[in-house]
Amino acid sequence: MGSADSKLNFRKAVIQLTTKTQPVEATDDAFWDQFWADTATSVQDVFALVPAAEIRAVREESPSNLATLCYKAVEKLVQGAESGCHSEKEKQIVLNCSRLLTRVLPYIFEDPDWRGFFWSTVPGAGRGEGEDDDENARPLAESLLLAIADLLFCPDFTVQSHRRSTVDLAEDMHSLDSCEYIWEAGVGFAHSPQPNYIHDTNRTELLKLLLTCFSEAMYLPPAPDSGSTNPWVQFFCSTENRHALPLFTSLLNTVCAYDPVGYGIPYNHLLFSDYREPLVEEAAQVLIVTLDHDSAASASPTVDGTTTGTAMDDVDQPPGPENLFVNYLSRIHREEDFQFILKGIARLLSNPLLQTYLPNSTKKIQFHQELLVLFWKLCDFNKKFLFFVLKSSDVLDILVPILYFLNDARADQSRVGLMHIGVFILLLLSGERNFGVRLNKPYSVRVPMDIPVFTGTHADLLIVVFHKIITSGHQRLQPLFDCLLTIVVNVSPYLKSLSMVAANKLLHLLEAFSTTWFLFSAAQNHHLVFFLLEVFNNIIQYQFDGNSNLVYAIIRKRSVFHQLANLPTDPPAIHKALQRRRKAPEPLSRTSSQDGASMEGSRPAAPAEPGTLKTSLVATPGIDKLTEKSQVSEDGTLRSLEPAPPQSPADGSPAEEEPSPTWREQRRLSSASASGQWSPTSEWVLSWKAKLPLQTIMRLLQVLVPQVEKICIDKGLTDESEILRFLQHGTLVGLLPVPHPILIRKYQANSGTAMWFRTYMWGVIYLRNVDPPVWYDTDVKLFEIQRV
């Protein structure tokens with residue numbers, strides 16, 4: 001039968017279903033088989049031939065027929081999983097049912113009345129043969145999920161058969177050990193099966209259905225108690241699923257082993273279509289959804305011993321959470337497995353950067369956001385992996401792509417989520433001393449980026465990019481400023497030698513943030529000045545020797561520090577400063593930071609194209625909730641300072657400040673003080689002005705400024721190099737105040753960030769699945785879809 005006939009027959013069946021007013025019996029196979037038995041329709045066909053309006057009409061007007069359709073389609077998948085899909089016809093039926101369910105499920109999820117449907121049992125669909133069938137009937141959702149899991153390890157359908165010849169009987173689906181059929185070599189599996197286009201496309205279709213099952217989460221509004229587990233994920237990742245381990249390993253290895261370059265031959269991707277990429281994308285999306293687990297709230301029930309002797313086996317560790325995917329991820333521990341994962345993720349994240357040398361020479365992947373979520377989960381759930389990442393300079397292969405994405409997306413409103421996850425990852429890494437140490441490695445890779453040219457280290461790159469984000473990103477990034485500067489504070493005690501470019505950028509930020517207008521226009525703005533002063537103090541106290549560029553920049557801009565020390569606190573001065581704002585432009589848009597030429601080959605960061613779709617995000621917690629303060633002891637160990645009430649200078653005096661509701665709006669809201677909101681008082685300014693940590697810098701200026709001025713007068717100098725030479729050999733030993741203890745603000749998991757990750761991740765998945773458009777135009781509740 002031709003494909004046109006087959007489409008026509010399928011469409012006829014759909015029309016019959018939408019026009020029938022009477023329930024059709026489940027036993028009427030002649031009717032139901034029209035949907036899957038005689039048709040060969042692609043998933044795109046199914047989406048075109050089953051319009052949204054008709055699904056909703058059946059749902060409202062003949063619900064029992066929609067219920068029977070779902071039940072029959074699941075039944076066919078269960079039968080396929082039982083039999084092992086040997087004939088072409090059986091394979092076709094499984095694919096047709098899979099596509100149909102992918103189409104229909106979102107319309108079941110969007111209606112609260114249907115929400116329990118898949119979790120109810122269907123009369124007569126018992127697990128066993130016996131008269132008490134209905135007693136142990138499984139809910140439809142469980143039957144569907146177990147069938148998908150079985151079908152993902154079905155020989156000659158989704159995996160290579162191990163049969164020697166056709167004489168051997170087909171592998172029995174029940175006794176099949178799926179650990180021998182893992183899809184790709186890597187963690188815990190050494191054998192790389194022959195690539196097979198058909199198997200890859202069949203896996204992709206089944207994973208798309210699985211992701212659609214999990215997507216019920218999109219139809220629930222973001223709840224403050226993010227502990228609400230997704231029942232689909234919970235069941236699929238439980239011991240009920242006998243394929244949990246091989247499937248987790250297959251997904252992880254498929255993603256981390258993927259090399260989009262086309263076997264290293266430039267332009268090769270233009271000759272061969274890459275059928276692996278859709279599978280890798282789908283695998284990455286399924287993986288991050290199964291790992292959606294609030295680590296802050298997780299209890300640790302025991303897990304049965306199904307993982308003995310695997311790559312996940314680790315004697316010291318207590319049993320992890322019930323979600324086996326999270327459990328397995330947290331128990332990977334072999335060095336070679338960590339190396340494989342890190343190299344794979346770094347290779348894929350660097351892929352968009354390769355584009356710039358030979359345009360179009362390599363295939364450009366689009367799933368970097370999913371990879372960043374996966375990397376985040378790995379670091380968050382597996383501390384050994386985090387330490388492995390920081391153990392060598394390989395961490396820089398993750399850092400550089402993240403800085404590239406942050407710089408590239410800074411002007412684009414539709415990519416606020418990408419900016420946040422990039423910054424969250426750097427915040428997490430910056431809590432570890434090794435990250436700061438690694439940043440001292442010289443930066444020689446020349447990825448064309450829209451930033452000033454400089455010669456220096458990865459620390460310089462980070463500071464130059466952060467400066468660019470703060471001074472030329474769009475408004476909605478303001479909530480991230482605290483986070484960006486916290487990262488710089490965390491690494492500052494370890495930075496051996498900042499370049500002149502980076503030193504000037506830090507002072508430009510201090511200049512911008514210490515204008516009286518900026519300091520007085522919002523309750524939290526002075527925190528940014530505290531962070532920057534902390535950076536300067538850390539470098540002067542702990543890394544003075546190699547940092548003559550920064551010391552010179554501080555001396556040149558000494559007026560900024562004197563102005564801060566003499567900040568006016570009387571009401572008329574405060575009022576006048578706020579009036580000035582009405583006339584003057586924002587301090588940050590000033591381009592007085594002598595940017596110089598951008599790197600060759602770079603394109604400026606572009607705003608979103610008008611009409612670009614984006615999904616809304618929930619607010620992220622403030623920096624005080626997002627991090628926990630620790631003090632670095634003499635021996636380098638960290639001591640938490642949290643239980644005591646916060647007294648760090650950066651907190652001002654919490655008692656007198658209104659705690660801001662959310663980061664997202666705090667600076668914009670409070671600058672609108674005219675509308676009767678927060679307004680600054682003399683007492684408030686005095687409360688934090690007294691805590692400005694200026695002692696170290698003032699002492700430095702007191703000692704060095706006269707000496708530098710003397711050199712200039714004596715030698716008639718206008719030349720920087722002579723002064724820098726003097727500063728390089730100068731010392732302040734014994735002249736500075738006693739070094740303060742180093743404070744590190746480490747990221748800490750909390751339910752607010754867990755909820756943020758959930759909305760961000762599903763928003764990415766919603767927007768990236770356009771062919772077919774699985775969730776478009778359905779009534780999602782987790783986020784809003786907005787146009788730029």
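Which residue in β3 does V632 stand opposite? In this predicted model, V632 stands opposite L638 in β3.

## Strand pairing around β2

Strand β2, which covers residues 627-632, is joined by three bridges to strand β3, residues 638-640, and the two run antiparallel. The hairpin that β2 and β3 form has five residues between the strands, and G636 in this hairpin adopts a positive phi near 90°.

Strand β2 also pairs in the antiparallel sense with strand β4, residues 742-747, and this pairing extends over six bridges. Within the pairing, Q631 has L743 of β4 as its bridge partner.

## Cysteines

A search of the whole structure returns zero disulfides. For C85, the closest cysteine sulfur belongs to C154 and lies 4.6 Å away, which is too far for a bond because a disulfide requires the two sulfur atoms to be within 2.5 Å.

As for solvent accessibility, C85 counts as buried because its relative accessibility is 1%, and C483 is likewise buried, with a relative accessible area of 0%.

## T290 in helix α12

T290 is found in helix α12, which spans residues 276-290, and its relative accessible area of 0% means that T290 is buried, since the cut-off for that term is under 20%.

When its neighbours within four places in sequence are left aside, T290 is in contact with F214, V233, C237, N323, F325 and V326. The C-alpha atoms of T290 and F236 are 8.4 Å apart in space, while the two residues are 54 residues apart in sequence.

Key. Residues numbered from 1 in each chain as written. Predicted model: local features only at pLDDT ≥ 70, side-chain atom pairs only at ≥ 80, totals over all residues. Heavy atoms only, no water. Pairing = 2+ DSSP bridges. Helix = DSSP H or I, 4+ residues; strand = E, 2+ residues; numbered from the N terminus. Buried < 20%, exposed > 50% of the residue type's maximum accessible area, 1.4 Å probe, protein only. Contact = heavy atoms within 4.5 Å.
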